[in-house]
Amino acid sequence: MVHDAADAEDLCQEVFITLFRSQWENIDHLKAWIMKITVNTCLNHLKRRNSLQQKLMANLYVFKENPEPHVEGLVEQKETKLEWAGYMSRLPVKIRAVLTLRYMHEFSLAEISGMLDIPLGTVKSRQHKGLRLMKKILEETGVQIIAKEEEQYGQHRSTAKASLK
């Protein structure tokens with residue numbers, strides 16, 4: 001979430017100190033509780049940090065690469081990661097947190113609601129707003145969005161696939 005190894009290490013240490021000082025033995029859902037503390041610590045850190053854009057571009061280690069890909073593949077992956085990191089950095093912090101937890105860490109909406117300590121409806125609205133903002137950002141930067149309508153469970157659902165020009 002913070003896109004900086006040094007900051008992530010500091011935050012990790014801060015989270016463990018918080019956990020150590022608390023009554024964690026009495027917590028029923030330990031994993032969700034730890035994730036909630038971690039996410040809140042990261043969000044507080046991001047609020048204090050002024051140069052999010054610069055650090056995001058400088059630290060792309062967050063994205064894992066396949067072992068020994070072709071040089072052309074490496075260059076293309078790096079450029080793509082830079083582009084998507086830039087797109088994500090343009091989103092507001094609260095919306096970026098929901099999208100990151102949902103699509104990068106694959107948490108359910110209910111789990112995200114518990115971690116961020118916000119109502120489920122707020123999570124859904126932030127996810128929807130984030131996807132709309134991301135679509136707008138992609139359209140502004142020249143990325144073509146291809147939408148496909150599908151009939152599923154009696155409702156229309158859109159799936160979008162982005163392709164770079």
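Mentor: A residue counts as buried when its relative accessible area is under 20%. This is a predicted model. Histidine 45 has a relative accessible area of 14%, so it is buried. Histidine 45 lies in helix H2, which spans residues 30-48. Leaving aside residues up to four places away in sequence, histidine 45 touches Val2, Asp7 and Leu11.

Now to the packing of the two helices. Helix H1, residues 5-21, packs against H2 at an angle of about 135°, and the two axes are 10 Å apart. Angles over 145 degrees would count as roughly antiparallel and those from 65 to 115 as roughly perpendicular, so H1 is oblique to H2. The crossing of H1 past H2 is right-handed. On the H1 side, the contact is made by Asp7, Leu11, Glu14, Val15, Thr18 and Leu19. On the H2 side, the contributors are Trp33, Ile34, Ile37, Thr38, Thr41, Cys42 and His45. Sorted by class, this contact of H1 with H2 holds 7 nonpolar, 4 polar and 2 charged residues.

Elsewhere in the chain, helix H5 covers residues 93-104, and its buried residues are Ile95, Arg96, Ala97, Val98, Leu99, Thr100 and Leu101. Just after H5, glutamate 106 adopts a positive phi of about 55°.

Technical notes
Residues numbered from 1 in each chain as written. Predicted model: local features only at pLDDT ≥ 70, side-chain atom pairs only at ≥ 80, totals over all residues. Heavy atoms only, no water. Axes fitted to C-alpha atoms, helices over the stretch in contact; angles between N-to-C directions. Helix = DSSP H or I, 4+ residues; strand = E, 2+ residues; numbered from the N terminus. Parallel < 35°, antiparallel > 145°, perpendicular 65-115°, else oblique. Left-handed = near helix turned anticlockwise from the far one by under 90°. Contact = heavy atoms within 4.5 Å. Nonpolar A, V, L, I, M, F, W, Y, C, P; charged D, E, K, R; others polar. Buried < 20%, exposed > 50% of the residue type's maximum accessible area, 1.4 Å probe, protein only.
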